[in-house]
Every structure is written in structure tokens, then in C-alpha cells.
Amino acid sequence: MAPAGPGPVSQRGSRGAGPVSQHRGQHRGHHRRQRARPGVASRGLSGAIGARPALPVEKMGNAESNAYQNHLSRFLPEEQSDIDGLFDTLSGSSGSAGAKNAKAAKKTVTLAALQAHTREPLPEPMTARLYSGMKSIDLPGKSSGLSEQIAKEQFVIFMSNLLKGNADEKISIIMRMIAKTGGPLKGKQILEFTEDLITSVVHVLSYRKELKGWSLENTRDSSSGVKALASELLSELKLPDGTKPVGSQLLETNFDRSVIEDWVYRVPQISVFLSVVIRQGLHVLHSLPDQTNDILNLVPHCKGIKGRGVVSLFDIPAIIYINSHLPAEMQHKWQLLFSSRLHGESFSQLCAHIVNKGPCIVIIRDLDGFLFGGFASHSWEVKPQFQGDNRCFLFSVFPTLAVYTYTGYNDHYMYLNHGQQTMPNGLGMGGQHGYFGLWIDSDYGKGHSKAKPRCTTYNSPQLAAKEDFTLDAMEVWAVGDAPESAGKKGKKSILDVDPQAQALLEMAGKSRQSEGLREPMEEDEGDDDDN
């Protein structure tokens, strides 16, 4: 997917969030957007495991009961019970339920009842959008738009289409959630909906204590992250002629149903975010084994930050987005290995904390406030050769959010060297010696991001505000499970990975085993999952 910045997507490498991303699909069978899911039609990428094949309403005949039963049958018995219980709660509190022995079909849900139920877990604008989506369901054999209240059938079909349906089934609801009038829709309206949706995901996950150790307090303010992620997702809107409007042109362009349906299909975050908002916002189907890894690993478990007074350079939307681009087996956990604010501004300290610790994410803030970094698919090793593989990528977090994947041009994925006279000393990703897409010099504090016009390895633009930048802060996070070699806690020290420090000690006549000089590697902080 293209960042919000200038330039056509074709220059950006394959950073897409869906089947559009050919390179990633061919080389990464685990990529969540390419996975086939049992029981889901070929277009139902964002449906749920165990979902039955989609049955469009118009093919069910005119019998209202048939349409209702077909949608209901998509849910397992315990799921049906959960939905029934929620509807009963909502319709009971609406005051429109009538006598206890009244038929369930006669019960309805009002906007006021929905607002009362979601007042704390969801921002009010999203509740109004959900209600518009429910109202958009036309029931066969009934005049549409006459009632301001939601019938049980509408409620079930809304749940069925958004949680179990394919892009075609979701699109009518989503368009009414974007604007009550339906399409065509302006880019500005789609942007406002997307920002509301991301804001609601962050809010409800925080409210339900589902951020898994992250919090609004230990991460960067999410407001700019919401806008950055919304802009990034919208940059995938593509007109029928294949062009992608940008900037103010995008905001004023009219997009019809087919374009928005294509966008929802290619940008699975929209469906995943809607599913989270419904499950966590309405508190329904949130604890059942129906959820896919897209939802389960939406936010990784955060470890190593609890009680240390650190505010991460990442914001919640950026964590969600970057995590979705990691290999599937690495999406469940991030552990803080290095923070310049905790461990000091020292390249030796950096090496000591990240070598042989498994795949990592590096994030940097320069003095101009730009945030950017890279994913290293292999353990960092100190050696004068390039390492890693084509799963590595570079990314920017601020002022734009974007991921830049490999081009196939060369294999200069990642590089770490220290204490050598003949080769460059520092940490680099992409490009070549002296011209890296991302470089942190061993003279800690200096770095560069060179790309004229693009990094050869990752097709990334210049990531820092200036080509040669000064580093303000840096973090390194291990992702996924630590390799077995990293399990020997307390055994490695800065001396093991800093040949220069070792040589200096030997010249001074000090033993390499001098315990007073060895700094044990930091151990796993344990589980940080209570927010």
C-alpha cells in the first residue's frame, strides 16, 4: 500500500495489504492476506474460520424467514445464543419489547438503546454509524426505510454480512455507515469513516483492556497515528482506470460502489477493524473460537516495558499496522531489547542488547521528529557481511505510515559490524555501503537515509527529515519467540559482541572474564499483559 506521500504506488515496491501485493504473496506463504480460510468463498478474505459459504440475500427468495434462517445458520449454536442474548438486552432496554410473551421478531432496537449500551466502549460517532449500517438492511417483503428501529432480522443479517460475509455482502452496509445516503461517496467521507473506525478500535481495545501490555500511557499519542494509518489505507483507493488520486484530489473525488468494494477487498484492515468494533464494542462473539489470527494477533503482547517509565516511540495504530506485515509466526509478541533512554546512547550497548536475540524491529526518531525503522528477519550478528532474507522491510511511522518491502534488486537486507578497520562499522538496512536506506553509525548518534530516488533493496524513499540525520531516540523490539540460543540468560555481555572493548581490555592486561566489567544481558521482564 502506498503511503500518503507523493508519487505513484508503482515506485514504492510491493507494500500492499492484500492480493495486490504480488511480491509478498509469492514469497511469503504465511502472509495473512493470502491465506485461504476454510468455508469462505474465494473473496471472503476477511471472513471468519468456520464460516459457511455466503448466501446473498437476493438469492434467498422473498420469504423473510428463509433469508433470516440462512443468515442465522452461518453462526454456531453458541454464537446464535450470544447474538440472541445481545438483541434481547438491546431490545429490552429500548422500551419497545412489549409483553414478555411477544414474539421475538416483534422486538426492535432503537438508536437510544444502542447508544446506551455502547456509551463507554465506543465513541458516539461509531455507534451512529453501526446503527445506520443496521438500518440499511432491507427485509424481503417489507417496505424499506419506514422504521427508525432495528428488527431482529436486520440485526442478524447485519452481523452475518459484516462478520461472515464477503466484500460484496459487506459493501452496502459499509457504504451506509460511511454516509446515510449511500454512494457515490467522496474521498473525504471515506477518510472520516476510516479515521472513526481506527479511533474506535484503539478506544475499545483500551477500554476492554485488550491491548496486551501496551497502553495509551506507554505509547506515543495515537491521534497522529490514526490519521497516518487512515491516509495509508485510503491511498489504496483505485479508480476504474487504475489511477490512485492523492492529496486534495483524493478528498474531492467521487467513488462509486464497485471502487469501494474493490478497496474493501484489497484492504482487509477495514473488515478486521469492523469485526473488532462489533465484537468488543457490542461485547458479542468476543470470546468464541471463531476469531481468526487477523483479530487474535491484531495487537502483539508487549513485554519488557512494564514499570520502567518508558513511553515507546510507536503509537497503537502503527503497532497494529507494522505487526500485520510481519511473518505470521512472529505477530504474537514484541519484547523490548534496547531503548536509548534506558540503556544509554552507546553503540556497544546497542550491540550487546540485540545480537543473537532473533528477528527484531528497529525504530528511530531523528531530531526533526521523523519516525522510521526496519524489520530484521534474522538475529543480528556482528560480521562484515550482509545478512537476513527477503522478509526484511523498511518502514516509516511519522509523518507518514508506510511499509517498504524488498525489490529483488539485491540481497543487502541487513548489516551489523563493529570494531573493524577495513569495513564500515554500524547498523544498516538496504542499499549499499555508504548509501544505506537506513544507517546508524558506530559513532552513535549519527546516521543517514539515502535514496535518490529510491533505496535499491526496499524501494523506500528517504526516511529521515535530512539525508544525514542526528539520532534522537532508538528502540529495538524482538518479535515472536526468542531463539533457543538467546535462552542462556546472563551469559552474554558487551564484551562478547564488542571486539574493540575486548581488545582494549587485553591491552590493559585485564582478564576478559573480569566479572566486574561484564554487564549481563537483560532478562525477560515477564508478562506485561495487565494494562
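Reply: Helices (H or I, at least four residues) and strands (E, at least two) are DSSP runs, numbered from the N terminus. The model is predicted, so local features need pLDDT of at least 70 and side-chain atom pairs count only at pLDDT 80 or more, while totals for chains, interfaces and linings use all residues. Residues are numbered from 1 along each chain as its sequence is written, and side-chain values use heavy atoms, with hydrogens and water left out.

Me: How many helices and strands does the protein have?

Reply: You'll find 18 helices and 16 strands.

Me: What percentage of the residues is buried?

Reply: Buried means under 20% relative accessible area, exposed over 50%, and partly exposed in between (1.4 Å probe, protein chains only). Here, 55% of the 531 residues are buried.

Me: Now the loops. Where does N459 sit, and is N459 buried or exposed?

Reply: N459 belongs to the loop between β15 and β16. Its relative accessible area is 14%, so N459 counts as buried. Look at its backbone too: phi is near 60 degrees, a positive value in a residue other than glycine.

Me: Which loop holds K209, and is K209 buried or exposed?

Reply: K209 is in the loop between α8 (187–207) and α9 (222–234). Its phi is near 55 degrees, again a positive value in a residue other than glycine. With 56% relative accessibility, K209 is exposed.

Me: At what angle do the axes of α6 and α7 cross?

Reply: Axes are lines fitted to C-alpha atoms, for helices over the stretch in contact, with angles from 0 to 180 degrees between N-to-C directions. The axes of α6 (residues 152–164) and α7 (residues 167–178) come within 8 Å and cross at roughly 110 degrees. That makes α6 and α7 roughly perpendicular (under 35 degrees is roughly parallel, over 145 roughly antiparallel, 65 to 115 roughly perpendicular, the rest oblique).

Me: Which residues make that contact?

Reply: Contact means heavy atoms within 4.5 Å. From α6 come F158, N161 and L162, and from α7 come E169, K170, I173, I174 and M177. They divide into 5 nonpolar, 1 polar and 2 charged.

Technical notes:
Ala, Val, Leu, Ile, Met, Phe, Trp, Tyr, Cys and Pro count as nonpolar, Asp, Glu, Lys and Arg as charged, and the others, Gly among them, as polar.
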